[in-house]
Amino acid sequence: MATSELPDGAAVSQTPKPKLFIRTFGCQMNEYDSAKMADVLAASDGYTRTDQPEEADLLLLNTCSVREKAQEKVFSELGRWREWKSARPGRQVAVGGCVASQEGEAIAQREKLVDVVFGPQTLHRLPALLSTTRATGRPAVDVSFPEIEKFDALPEPRADGPTAFVSIMEGCSKYCSFCVVPYTRGEEVSRPLDDVLVECAQLAEAGVREITLLGQNVNGYRGAMRGGGTCDLALLIHYVARLDGIQRIRFTTSHPLEFDDGLIEAFADEPKLANYLHLPVQSGSDRVLKLMKRNHTADVYIDKIRRLRAARPDIALSSDFIVGFPGETDADFQATMDLIAEVRCDSAFSFVYSERPGTPAANLRDGVPPEVKKQRLSILQARIQQLSMEYCRGLVGGTYPVLVERASRRGNGQMAGKLSNNRWVNFDGDERLVGEFVDVTVSEALSNSLRGRLAGAEATA
Ligand code: SAM
Ligand code: F3S
């Protein structure tokens, strides 16, 4: 308990606000969930966030189990927290996310310092779980899937800069043979249309200009509408575009199967829809796609991209690839490289296949030697890097609208913002530009970003 002096000498006791440190592993969904955990704890117990674990009262680990490495990181991180916990009684540790969902109780049994285990769908119950464990002295575990209840129980969204994520659905029902997500996050559940629109409108009111509609498979969105019927992603995009203040819309991530004509039309008709698509394909081999249970062929993917490019000729395309899937041959890998050449992805996330217990692919015989997998990954990544550089060099000399997001992380007094195609650009500018759209002329393509100058500003040597 701290005290502060009043001018007349009377002392008033002030309880310092408890501090929260969150370590997040994994995807944008997890980043989004971590922000929501912080909101829930701020609303319930006044927690403020710190980036210094040693000064925290509560340590939260938001975990990812999509690949084995991410899962291994969880226990080594918890091991590092033991000393921290024993240094002061009353400190608490909570583990959430997909590893928590999969392992449940076993986490608290294996790591005695863990007080609470909660899943992606029960993060709103965190304050109650923390009180329970305080009262009982035993770990509290809740990794159930109470579906959409989570969204109803969350505090109002807070804007943190001019861009925001809005979760429009939870879970995934695609059951790709290699993936744990349907088991850790549950099946697809869409939020009702009105709820999504109210959240977007509140964010716009608070200064957000760009919204990313978020979910594991957003083009499976089927939101209930007030008068009956359901709204799909294309229609949702049109509704969000009509909200005052919203100037740019993105969505991630999508499965090719439901990337339909309605969405291709949205790219043709809706100028606020960003000039960027992330559409994971995983492989260019029909044989592997079948084993992955992706339910489409390489040609179906290529044809969708061809039609998309007819609607938006200069669209930037990103994808996900898995190399070294069980039994992947040289010819299968070559088919992936051919697909990349055909669709010309200018960025991608690529991974070596990681066997996930409980998924159907874990039963497949994997005869591909690890060094072959590694070599294929570096060939694929080098090709994507080359396409990325070609794409970025093609932007040099052009002038593009940029949403200014923040000061550049390089600390060189420059500002950083994103083009519609999702590329970062750094340029000389004033902090007061944050939240504004400005025209930037691209002057140089670097490997991970662009350099530019405000249109009309003099070029400097
Ligand atoms: N919804 C997206 C889609 O349509 O494919 C993907 C979401 S998944 C969590 C993100 C990416 O992780 C996948 O696209 C895939 O490339 C990768 N991934 C998932 N399971 C994996 C595994 N077992 N091994 C390696 N990479 C994996
Ligand atoms: Fe995973 Fe496939 Fe869904 S990669 S998230 S099961 S679309």
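Visitor: In which sense do β20 and β21 pair?
Guide: This is a predicted model, and in it strand β20, covering residues 414–419, pairs with strand β21, covering residues 424–428, in the antiparallel sense over 5 bridges. Within that pairing, Ala416 has Asn426 of β21 standing opposite.

Visitor: How many residues lie between β20 and β21?
Guide: There are 4 residues between the two strands, which together form a hairpin. In the turn, Asn422 has a positive phi of about 80°.

Visitor: And in which sense do β21 and β23 pair?
Guide: Here the pairing is parallel, with 3 bridges joining β21 to strand β23, which spans residues 450–454. One position to look at is Phe427, which stands opposite Gly452 in β23.

Visitor: Where is Ala455 found?
Guide: Ala455 belongs to the segment that comes after β23.

Visitor: Which residues is Ala455 in contact with, leaving aside its neighbours within four places in sequence?
Guide: With those neighbours left out, Ala455 is in contact with Thr399, Asp439, Val440 and Thr441. As for Lys272, that residue is 183 residues away from Ala455 in sequence, and their C-alpha atoms are 21 Å apart in space.

Visitor: Now the whole thing: how many helices and strands are in the chain?
Guide: The chain has 15 helices and 23 strands. Its radius of gyration is 24 Å, close to the 23 Å that the globule rule gives for 461 residues, so the chain is as compact as a globular protein of that length. Taken along the principal axes, the box filled by the C-alpha atoms is roughly 70 × 60 × 55 Å.

Visitor: What share of the residues count as buried?
Guide: Of the 461 residues, 51% count as buried, while the chain exposes about 20,900 Å², with carbon and sulfur atoms supplying 49% of that area. Looking at contacts between residues at least 6 apart in sequence, 70% of them join residues at least 24 apart.

Definitions and conventions. Residues numbered from 1 in each chain as written. Chains lettered and ligands numbered in written order. Predicted model: local features only at pLDDT ≥ 70, side-chain atom pairs only at ≥ 80, totals over all residues. Heavy atoms only, no water. Pairing = 2+ DSSP bridges. Contact = heavy atoms within 4.5 Å. Rg over C-alpha atoms; globule rule 2.2 N^0.38 Å. Buried < 20%, exposed > 50% of the residue type's maximum accessible area, 1.4 Å probe, protein only. Areas by Shrake-Rupley, 256 points an atom, 1.4 Å probe, with all protein chains shown as cover.
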